[in-house]
Amino acid sequence: MATEPPVERPNRAGGRDPLLEVGGLQTQFPVERGTVEAVATADLSIEPGEIVGLVGESGSGKSVLAQSLMGMVEAPGEVVGGVVALRDSDLVREFAAAFPDAVTDVSEEDLALVRADEPAITSDAEAAATLAGPGEFVFVESRDADGDPEAGFVDVRRAPEAALQRLRGGRISMVFQDPMNSMNPTLTVGEQIAETVRLHQDVGESVSLPAELKRKIVGAAKNGEAWRRAIEMLEAVEIPEAEARADDFPHEFSGGMRQRAMIAMALSCEPDLLIADEPTTALDVTIQAQILDELTALKDAFDTSILLITHDLAVVAETCDRVNVMYAGEIVERAPADELFANPQHPYTQGLIASTPRVSNPDDEIEPIQGNVPDLIDVPYACHFAPRCPESERECFEREPDFREVGESHEAACLRRGPPGDRL
Ligand SMILES: Nc1ncnc2c1ncn2[C@@H]1O[C@H](COP(=O)(O)OP(=O)(O)OP(=O)(O)O)[C@@H](O)[C@H]1O
Ligand code: NI
């Protein structure tokens with residue numbers, strides 16, 4: 001059997017293939033006054049089993065970025081550029097079989113040509129995506145001796161609704177800040193989780209059945225596998241007397257319990273990727289800490305990768321392996337969490353840490369960052385932080401800041417950083 005040697009892939013943190021590889025993502029909302037560039041351009045990667053943080057002030061584009069990853073941006077908002085690559089060989093095989101017309105084979109040579117043509121493209125996924133024909137979103141990078149897909153990715157950004165439903169049912173799930181808005185008030189907590197389990201097992205089913213019908217289906221299976229699994233999940237997130245509480249409606253749960261139930265629901269389909277947007281913001285500090293501990297434990301148990309979105313730096317410091325700092329629609333710094341807090345480099349990150357009492361040295365004075373997050377409509381300066389930056393020079397307003405190496409696996413998009421010869 002002829003097996004090719006593994007292909008060396010450049011620009012991969014830690015050498016492991018990332019589960020999620022986001023490149024050049026751009027999301028906009030047309031409004032009367034112009035275009036809100038909520039995500040101006042974002043690159044992001046998450047490895048299997050990693051918790052990656054996304055932090056930044058309110059209005060920096062974190063939630064829109066998360067929605068973009070799930071294909072959930074509300075119209076007239078639109079993802080207008082980039083690639084959201086979910087890399088998994090089982091997934092590629094499954095989707096290649098389900099959507100045969102959407103498959104495109106990309107070779108190393110093709111990718112090399114694209115990269116030579118467009119030096120700004122750094123990831124394989126982004127290079128591959130430029131080769132996609134209309135309707136193609138399943139990218140096969142290599143095939144085995146039988147001709148079956150062996151490596152590749154699915155581009156969530158180009159995926160049609162039928163594919164998105166499949167992904168959301170099983171591969172990606174999301175936890176929101178306010179679970180009341182994302183839980184169905186007319187179904188008991190147990191029924192909702194069982195429903196998620198069942199949908200995952202039978203993804204062809206419609207997701208939008210009326211509550212009565214859902215209850216019938218789930219109720220009929222109350223002694224079945226899905227119901228048992230729902231109880232197990234409630235136990236896993238430490239809901240006391242899970243079996244009895246499964247019959248409660250969401251409003252009968254406390255805020256903390258509801259959030260746990262939401263996490264149970266999100267994990268019940270054993271997703272590869274969990275996107276948690278401010279999952280603990282509405283809760284008090286003790287419960288917040290408990291839930292974050294649970295999230296970490298569950299991540300280990302289910303081998304789920306997590307994107308944790310928060311404006312709370314302390315949460316990031318305690319929970320995340322790596323961190324991305326976002327400002328005004330752009331990611332400005334990324335590093336392992338320990339490294340970021342020990343050695344913040346981007347002036348925005350430095351400002352953010354200095355303005356956070358629990359993270360900065362307690363003896364230091366807390367200093368808020370001067371000024372405000374800009375309106376994201378047609379931001380007129382190259383570095384979005386330049387007007388608020390204590391170190392900005394004229395050139396910062398005119399030249400796009402590229403990412404520079406500023407430490408071990410640590411990059412900052414700031415012209416005033418990087419190797420001496422390169423730095424402004
Ligand atoms: N539906 C929409 N129409 C127009 N603009 C929008 C829409 N949704 C979001 N935006 C804009 O996109 C930008 C980013 O918003 P987003 O909610 O992603 O910020 P965030 O970082 O999640 O903030 P927070 O920490 O407050 O949740 C904001 O300027 C916001 O006004
Ligand atoms: Ni948000």
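Helix α1 gives the most to the shell around ligand 1: three residues. Keep in mind that this is a predicted model. Two elements each supply at least two shell residues, namely β2, residues 34–46, and α1, residues 62–70.

How many residues surround ligand 1 in total? The count is 14, and the closest are Ser58, Gly59, Lys62, Ser63 and Val64.

Now the polar contacts. Ser58 comes in with its side chain: a polar atom there sits 2.4 Å from an oxygen of ligand 1. Gly59 uses its backbone instead, with an N or O atom 2.8 Å from a ligand 1 oxygen. Then Ser63, where a side-chain N or O atom is 2.9 Å from an oxygen atom of ligand 1. As for cover, ligand 1 on its own has 640 Å² of accessible area, and the protein covers 64% of that.

On to the helix, α11. Its residues are 255–267, 13 of them. What span should we expect at 1.5 Å a residue? The end C-alpha atoms of α11 are 18 Å apart, so the model agrees.

Is α11 mostly covered or mostly open? Mostly covered: twelve of the 13 residues are buried. Among them are Arg258, Gln259 and Arg260, along with Met257, Met262 and Met265. The buried set also includes Gly256, Ile263 and Leu267.

Note on methods
Residues are numbered from 1 along each chain as its sequence is written. Chains are lettered from A and ligands numbered from 1 in the order in which they are written. This is a predicted model: local features need pLDDT of at least 70, side-chain atom pairs count only at pLDDT 80 or more; totals for chains, interfaces and linings use all residues. Side-chain values use heavy atoms; hydrogens and water are left out. Helices (H or I, at least four residues) and strands (E, at least two) are DSSP runs, numbered from the N terminus. The expected span of a helix is 1.5 Å times one less than its number of residues. Buried means under 20% relative accessible area, exposed over 50%, partly exposed in between (1.4 Å probe, protein chains only). A residue is near a molecule or strand if one of its heavy atoms lies within 4 Å of it. A polar contact is a pair of N or O atoms within 3.5 Å; within protein, one must be able to donate a hydrogen and the other to accept it, and residues adjacent in sequence count only if both atoms are side-chain atoms. Accessible areas come from the Shrake-Rupley method with a 1.4 Å probe; for residues, only the protein chains shown count as cover.
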